Each structure stands twice: as structure tokens, then as C-alpha cells.
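Please open the structure in your viewer and keep the selection tool at hand, as this tour goes from one selection to the next.

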Amino acid sequence: MTTSRHMPIKSQNDRVKAHMLAGHDIDTWQAYKLLKITCLAQRIYDLKKAGMPIQSKMVTKNSKTYSIYWMNSDAIQSYSQNSDGNINESVESEAHHDAK
């Protein structure tokens, strides 16, 4: 799908992947605020299933508990060198396979 300027629209998985490969961590609030994604846990699941070495931890702040996800710099470098860069194809093909 493209916009009127013929720019490809990135999927939610692609947006989370790009954010993390840029060295940023992410939590649910950031995913919503920055990327307009409401179900971060599912996107993280998809990306992990596609081979991204994502780490996480539970944090409690102001009586709220939530997860933060990140990739360490070595994992980013290794993943970037070994990946073909197309998370969606592997996630979609696995989903298609699972539906059979």
C-alpha cells in the first residue's frame, strides 16, 4: 500500500523493528505515543518469532507495572548483519502456515 506521494506505509512490526534497531527501548506508552501502536506485546511476540533477539523486563513505577523491551548493541549489530530485513514476510508466512 502506498500514500498519495507513493511512499510505502510501514507495518506496525516494521515501525517497532526500526525503533529498536536504532538502539531505543520501548514500552506500551511509548509505542502508543510515538508509533500509534496499541498492542505492543503482540508486535514484540511477532518480532521475536521472526528471530529478533529482544530482551524485556518488568518495571514498577508509580504503582504501575509494565514491560520494557530492548535489544543490546551487540544483538542489534549481529541481527542487522544477519537479517534480510523483512520481518513481515516471515511473520505472515508463519501465520499463514499456522492457519492451515
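**First stop: an aromatic pair**

Select tryptophan 29, which is exposed, with a relative accessible area of 56% (exposed means over 50%, buried under 20% and partly exposed in between, with a 1.4 Å probe and protein chains only). This is a predicted model, in which local features need pLDDT of at least 70 and side-chain atom pairs count only at pLDDT 80 or more, while totals for chains, interfaces and linings use all residues. Residues are numbered from 1 along each chain as its sequence is written, and side-chain values use heavy atoms, with hydrogens and water left out.

Tryptophan 29 and tyrosine 32 form a tilted aromatic pair, 6.1 Å centre to centre with 35 degrees between the planes (rings of Phe, Tyr and Trp, the last by its six-membered ring, pair if their centres lie within 6.5 Å; planes under 30 degrees apart count as stacked, over 60 as edge-to-face and the rest as tilted). Both belong to helix α2 (residues 28-35), where, because they are three residues apart, about one helical turn separates them (helices are DSSP runs of H or I with at least four residues, strands runs of E with at least two, numbered from the N terminus).

**Second stop: the whole chain**

Now show the protein as a cartoon, and look for five helices and three strands, which follow the pattern α-β-α-α-β-β-α-α along the sequence. Of its 100 residues, 28% count as buried.
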